[in-house]
Amino acid sequence: MNKGAIFPLFYLPPVEFFSKIRQYKDNVFIERFEHFPKQTYRNRALIHSPQGKLALIVPVVKGSKVHTMVKDVRISYDFDWQRLHWMSMQTSYRSSAYFEFYEDDFAAFYQKKWDYLFDYNEELLGLLLKFLKLDIVWSYTNAYEDAYPDLDDFRNSIHPKLAMTEPVVPYFQVFEDRNGFIPNLSVVDLLFNQGPQSSSFL
């Protein structure tokens with residue numbers, strides 16, 4: 001049996017996140033008290049656009065980027081990023097096999113406003129786990145710790161600038177003929193292309 005693991009909350013997490021979290025499904029901890037780090041999946045997701053890899057970034061209120069605990073980071077609505085993200089997803093995945101199947105559930109996340117990034121990401125995670133048919137039980141950290149000797153720590157190892165540590169299982173992508181297969185995108189790329197079969201690619 002695996003020991004437990006600690007994970008951050010991500011915005012539309014990459015495939016790697018779900019591959020890892022499934023391995024620890026009965027003993028998962030979510031980090032709430034770390035200082036919000038820049039340029040991570042906590043507020044960005046990567047999708048496969050007609051032009052290739054595209055980053056969707058959730059803007060946060062200024063001042064949230066240095067010493068704010070991640071649970072307290074507020075989402076900024078100074079510009080209509082929700083409309084931009086949703087239009088980008090429609091452009092990228094409208095022709096995919098399963099976009100319409102999931103469309104209404106995801107659209108709600110680009111209409112309603114959330115105050116806190118943590119809450120937004122958590123609700124998205126619940127929806128994604130349901131679609132992937134993954135039964136994950138998680139707890140929350142009670143304070144920040146630099147290290148957890150009894151847990152595998154994925155707070156920094158799943159990162160846009162780091163390659164996956166495990167072999168990638170390729171699947172069909174809409175623009176693969178144009179851009180080639182792009183690994184470890186947001187799991188929505190997998191869902192929109194593979195639908196109910198998605199979990200077999202994790």
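Which residue of E6 stands opposite Ala5? Asp152 does. The legends below refer to a predicted model, in which local features need pLDDT of at least 70, side-chain atom pairs count only at pLDDT 80 or more, and totals for chains, interfaces and linings use all residues. Residues are numbered from 1 along each chain as its sequence is written, and side-chain values use heavy atoms, with hydrogens and water left out.

**View 1. Four strands form an open parallel sheet.** The strand order is E5-E2-E1-E6. Strands (E, at least two residues) and helices (H or I, at least four residues) are DSSP runs, numbered from the N terminus. Two strands pair if DSSP finds at least two bridges between them. Strand E5 (138–140) and strand E6 (151–153) are the edges, and each pairs on one side only. Neighbouring strands are turned by 30 degrees against each other on average, direction ignored. Axes here are lines fitted to C-alpha atoms, for helices over the stretch in contact, and angles run from 0 to 180 degrees between N-to-C directions. Helix H4 (residues 117–131) packs on the sheet and touches E2 and E5. The direction of H4 makes about 170 degrees with that of E5. Contact means heavy atoms within 4.5 Å.

**View 2. Strand E1 pairs with both E2 and E6.** E1 and E2 run parallel over three bridges. Three bridges also join E1 to E6, again in parallel. Ala5 stands opposite Val28 in E2 and opposite Asp152 in E6. Val28 in turn stands opposite Trp138 in E5. Strand E2 (residues 28–30) pairs with E5 in the parallel sense over three bridges. Gly4 and Ile6 point one way from E1, and Ala5 and Phe7 the other way. All four are buried, where buried means under 20% relative accessible area, exposed over 50%, and partly exposed in between (1.4 Å probe, protein chains only).

**View 3. Strands E3 and E4 make an antiparallel pair.** E3 and strand E4 (residues 52–57) pair over six bridges. A hairpin of two residues joins E3 to E4. Arg44 stands opposite Ile57 in E4. Arg44, Leu46 and His48 point one way from E3, while Ala45, Ile47 and Ser49 point the other way. Six of the six residues of E3 are buried, so E3 is largely enclosed by the rest of the structure.

**View 4. Helix H3 has a buried side and packs against other helices.** The buried residues of H3 (residues 99–107) are Phe99, Tyr102, Glu103, Phe106 and Ala107. They cover an arc of only 135 degrees around the axis, which puts them on the same side of H3. That arc is taken over the directions from the helix axis to the C-beta atoms. Phe101 and Asp104 are exposed on the other side. The buried residues pack against helix H2 (81–93), H4 and helix H6 (187–194). H3 and H6 meet at an angle of about 135 degrees, with their axes 8 Å apart. The two helices are therefore oblique to each other: angles under 35 degrees count as roughly parallel, over 145 as roughly antiparallel, 65 to 115 as roughly perpendicular and the rest as oblique. Phe99, Tyr102 and Phe106 of H3 make this contact with Val188, Leu191 and Phe192 of H6.

**View 5. The largest nonpolar core has 59 residues.** Such a core is a set of buried Ala, Val, Leu, Ile, Met, Phe, Trp, Tyr and Cys residues joined through side-chain atoms within 4.5 Å. The residues with the most contacts inside the core are Phe7, Tyr11, Leu12, Phe18, Phe106 and Tyr120. Elements giving two or more residues include strand E1 (4–7), helix H1 (15–23) and strand E3 (44–49). H4 gives the largest share, nine residues. Tyr120 touches Tyr11, Val58, Ile75, Trp81, Phe109, Tyr110 and Trp114, not counting residues up to four places away in sequence.

View 6. Gln39 is partly exposed, with a relative accessible area of 45%. Asn184 has a positive phi of about 60 degrees and is not a glycine either. Asn184 is buried, at a relative accessible area of 11%. Pro149 is exposed, at 68% relative accessible area.
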